[in-house]
Amino acid sequence: MADYSLVVIGGGLSGLAAAIRHARFDSSVLVLEKHDKPGGLNSFYRRGGFLLETGLHAMTNYAPPEARHAPLNLLFRQLKLSRKQISFHQQKGSLIRFPDRDLYFSNDQDLLLNEIFEKFPHDIDNFRRLISSISEYPDTAAKNEQRSARRYLENHLSDPLLTDMILLPLMMYGNSAEDDMDLDLFFVLFRSIFLEGLFRPGGTIKDLLDLLLTHYHALGGELKFNSEVVEVLTSGASVAGVRLASGEVITCKHLVSTAGGAVTSRLLPGAVDKEMPVGKMGFFESIYVLPQTGRHKVDDRGATNIFFSLKDEFTYRRPDQAVDPSWGVICFPDNFQDLPRAENFQIRLTNPANYQTWASFSGKDYEEKKKLWAEKSRDAVIPLIGDFYNEIILEDSFTPLTVERFTAKEGGAVYGSPMKIKDGKTTYDNLYVAGTDQGLLGIVGSMLSGITMVNKHIFG
């Protein structure tokens, strides 16, 4: 029977970060991953000779090297990695597009301020005060309470359209609740997207994962793929270990789970932890590979992302039908500064989707519905980026069922439960939740979540 100081459930970025942090000081750590490759939500697969990424649209929290206390630089220090090991490519700029108005923003805060001055002159002073308020607000991520971000914005801004335009990209980057978002999460995402900015590392998500795994193994840590945890073993108020689907038992002193609060709870004996509600926000995404000559209108402003609503009012909630093509995000993974131009060009189109509707389809019907909704989704954005149908070299789509299958995110809810365990604690004194359901989101936030659980609760 194998025994470790720390076992981590899940080989996504949060789990790997927790494991690396622990292995720096104690190499007796094991990561258990259900699937045959790492990354969780941020992974990759190959189709038609192309490597296609999942999850990674753009990373948040960009900061220059001299910003020592910025989350990005804190992450590198905690993992004992050098920024020189990765190239950083900032966004060219992103659009928030509604029928009546556009807002363009980049990693230069002045651009968004100038846009609001031009498009919402009556609210520019209010927006400046909003930024000041957010910049000065203390970190409240450890408080297990829910407050309304929409109400906070409505108290600061006079124009409901500006409120919707600010919320759209923030919600698309990490909100698990319908209609509104938790105020603490709003502060985190506003800072990470509008005050810090978007970027992506050079290469692909596979290159980033390879770097992390090489570093982890060099520190002496272990990882097992195809190792599904089916039971958490307990002894009194403590976790004793885990049982795998193969029947193997592994014991440990500490357990960090990145499987989500609800899944982790069901691995425990009895109803000892309150069942967390399953998130309702799932998404349908299509990936398109085009030749460079097929860019059409998408480069009119060099947009990295287009966050769009085809309706005047934006409502962030699960649609009644399989997919709602009226709002979402269009990502152009090649449109980052100084990123070497590849032979081909990719478009990723993401819309909200209904898990239950997709779960009602099966077999041939499921595949036909995927093609149907991919076509409807693509047709909806023709007015925004042009008709690229005849240029497509390769296309592929995934649904909330795909997400659930490959990431164990119940209901395909990529942002987990609307109820977060902000301190990471459970009713067991050596079991901690990290990642999506702990509350820090985005790639940088998720990795810091794993690190924080190790620092605070294991090395504390």
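Student: How many bridges join strand E10 (residues 229-235) to strand E11 (residues 238-244)?

Tutor: Strands here are DSSP runs of E with at least two residues, helices are runs of H or I with at least four, and both are numbered from the N terminus. Two strands pair if DSSP finds at least two bridges between them. E10 and E11 run antiparallel, and the number of bridges joining them is 6.

Student: What should I know about the model, and which residue in E11 is the bridge partner of Glu-231?

Tutor: This is a predicted model, in which local features need pLDDT of at least 70 and side-chain atom pairs count only at pLDDT 80 or more, while totals for chains, interfaces and linings use all residues. Residues are numbered from 1 along each chain as its sequence is written, and side-chain values use heavy atoms, with hydrogens and water left out. The partner of Glu-231 in E11 is Arg-243.

Student: Which residues of helix H3 (residues 109-119) are buried, and which on the other side are exposed?

Tutor: Buried means under 20% relative accessible area, exposed over 50%, and partly exposed in between (1.4 Å probe, protein chains only). The buried residues of H3 are Leu-112, Leu-113, Glu-115 and Ile-116. They lie on the same side of H3 because they cover an arc of only 160 degrees around the axis, taken from the directions from the helix axis to the C-beta atoms. On the other side, the exposed residues are Phe-117 and Glu-118.

Student: Is Asn-226 buried or exposed?

Tutor: Asn-226 is found in the loop between strand E9 (222-224) and E10, and has a positive phi of about 50 degrees although it is not a glycine. With a relative accessible area of 58%, Asn-226 is exposed.
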